[in-house]
Amino acid sequence: MDPLDDLLATMRIEDARYIQVEARAPWGVSFPPRHLARLILVAEGSCRLDSDVLDDPQHLRANDCFLVRAGVGFTLRDAAGSELLDCDSLAARASGHVVRVGGDGDGNGDGDGYGEPTRIVSTRFTFDNVAAEPLFALLPPLFRLRPDDASGELLRTTFHLIEHESSANRLGAGFVMGRLSDALFVQALRTFCADVGAGTVGWIAALRDPRLARAIQEMHADLSRPWTVGQLARAAGMSRSAFAALFKERTGDTPLRYLATWRMYRAKVLLRDTPLSVQEIAVEVGYDTGTALSRTFSKREGVSPGTWRKSARASKGPHSGTGRYASAWSTTSSAESSRSGGQKIKPLT
């Protein structure tokens with residue numbers, strides 16, 4: 001089992017919604033920061049993208065697709081200066097899953113090419129923050145997906161299937177659209193993981209190295225095993241010293257600290273979502289006793305497992321996580337992390 005499979009087994013998409021924006025110039029839509037992620041496809045036409053996390057405005061064209069992390073705001077419009085309407089107010093007046101916005105298509109008359117009709121497909125997702133934290137701590141705030149021919153076709157086909165379900169109004173359409181949105185998000189993650197650059201640090205980047213991937217998959221297949229660096233090195237087919245050095249270079253962490261972080265993540269999911277005792281959870285995640293788990297948990301999280309469980313259950317919901325929990329997954333400074341999520345932002349060109 002690789003880390004992404006491990007995450008998706010517990011990372012619940014709690015709500016997925018789809019809307020199609022049909023726009024004619026002049027038009028503009030504002031997407032304020034929310035506790036949700038968005039996947040946007042420019043199906044037809046073109047538009048201008050602005051966001052505080054981008055150095056400069058970007059010009060998007062048909063088939064451009066980008067993923068926006070929770071808490072990041074952005075705007076889309078035909079040209080600079082076009083009036084912006086809030087996306088939530090537009091959604092409230094949508095006809096089914098389609099909303100029309102803008103004017104008569106004349107544009108601003110400056111010949112910049114933005115006056116053409118534009119169709120945008122937006123899918124939004126809310127997540128269980130506890131389960132999603134190992135992934136979202138590494139994702140840039142806003143990044144363009146650069147799919148190859150196969151993955152790009154899958155993304156476009158899934159968007160098309162969602163669009164078809166929304167317009168056909170058949171029995172169970174809402175359920176089908178929800179499951180398709182789940183698949184769409186996973187496809188986007190696959191594309192992102194395949195596009196991680198060589199200089200990127202984190203567990204996603206480590207999976208690009210077949211040797212490290214073997215060791216990481218072995219580790220995730222049995223987190224309760226008392227792993228040693230030597231055992232993991234043998235799984236990677238490397239010497240102990242070479243493996244430890246390469247693992248630290250690619251993930252920003254030592255093998256055993258990485259293992260401890262994932263054990264804490266798994267322990268938190270079990271504490272919140274199961275009736276298992278601390279002792280039982282300790283065995284599940286690789287500690288001999290509940291006392292050993294409690295000691296490590298308290299040191300890393302600042303509270304005991306029991307206190308954390310009560311707090312997590314009391315605030316359980318789509319936004320129940322807190323920023324401090326993400327710190328264990330980030331290998332960058334706090335300032336850089338807040339801007340890039342641990343990675344350089346890719347210009348949408």
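Guide: Let's take a pair of helices, then a pocket, then a cavity. Keep in mind that this is a predicted model.

Visitor: OK, at what angle do the axes of H7 and H8 cross?

Guide: Roughly 125°, with the axes coming within 7 Å. H7 covers residues 210-221 and H8 covers 229-236. Angles over 145 degrees would count as roughly antiparallel and 65 to 115 as roughly perpendicular, so H7 and H8 are oblique to each other.

Visitor: And is the crossing left-handed or right-handed?

Guide: H7 passes H8 in a right-handed crossing.

Visitor: Which residues meet there?

Guide: From H7 you have Arg211, Arg214, Ala215, Glu218 and Met219, and they meet Leu232, Ala235 and Ala236 of H8. That contact splits into five nonpolar and three charged residues, with no polar ones.

Visitor: Switching topic: what's the volume of the second largest pocket?

Guide: About 290 Å³. Its lining has 18 residues, and Tyr18, Ile19, Cys87, Ala91 and Arg124 lie nearest the centre.

Visitor: Which elements give two or more residues to that lining?

Guide: Strands E1 (13-24), E2 (28-31) and E10 (118-127), plus helix H2 (87-92). By class, the pocket lining has ten nonpolar, four polar and four charged residues.

Visitor: How many cavities of 30 Å³ or more are there?

Guide: One. The largest cavity has a volume of about 40 Å³.

Visitor: What lines the largest cavity?

Guide: Phe31, Pro32, Arg34, Leu36, Arg38, Val68, Arg69, Gly71, Val72 and Phe74. Six of these lining residues are nonpolar, one is polar and three are charged.

Terms used: Residues are numbered from 1 along each chain as its sequence is written. This is a predicted model: local features need pLDDT of at least 70, side-chain atom pairs count only at pLDDT 80 or more; totals for chains, interfaces and linings use all residues. Side-chain values use heavy atoms; hydrogens and water are left out. On a 1 Å grid over the protein atoms alone, a cavity is a set of points where a 1.4 Å probe fits but cannot get out, and a pocket is an open set with protein on both sides within 12 Å along at least five of seven lines; lining residues have an atom within 4 Å of a point. Grid points are joined across faces, edges and corners, and a volume is the space filled by probe spheres set on the points. Helices (H or I, at least four residues) and strands (E, at least two) are DSSP runs, numbered from the N terminus. Ala, Val, Leu, Ile, Met, Phe, Trp, Tyr, Cys and Pro count as nonpolar, Asp, Glu, Lys and Arg as charged, and the others, Gly among them, as polar. Axes are lines fitted to C-alpha atoms, for helices over the stretch in contact, and angles run from 0 to 180 degrees between N-to-C directions. Angles under 35 degrees count as roughly parallel, over 145 as roughly antiparallel, 65 to 115 as roughly perpendicular and the rest as oblique. A crossing is left-handed if the near helix is turned anticlockwise from the far one by less than a right angle, and right-handed if clockwise. Contact means heavy atoms within 4.5 Å.
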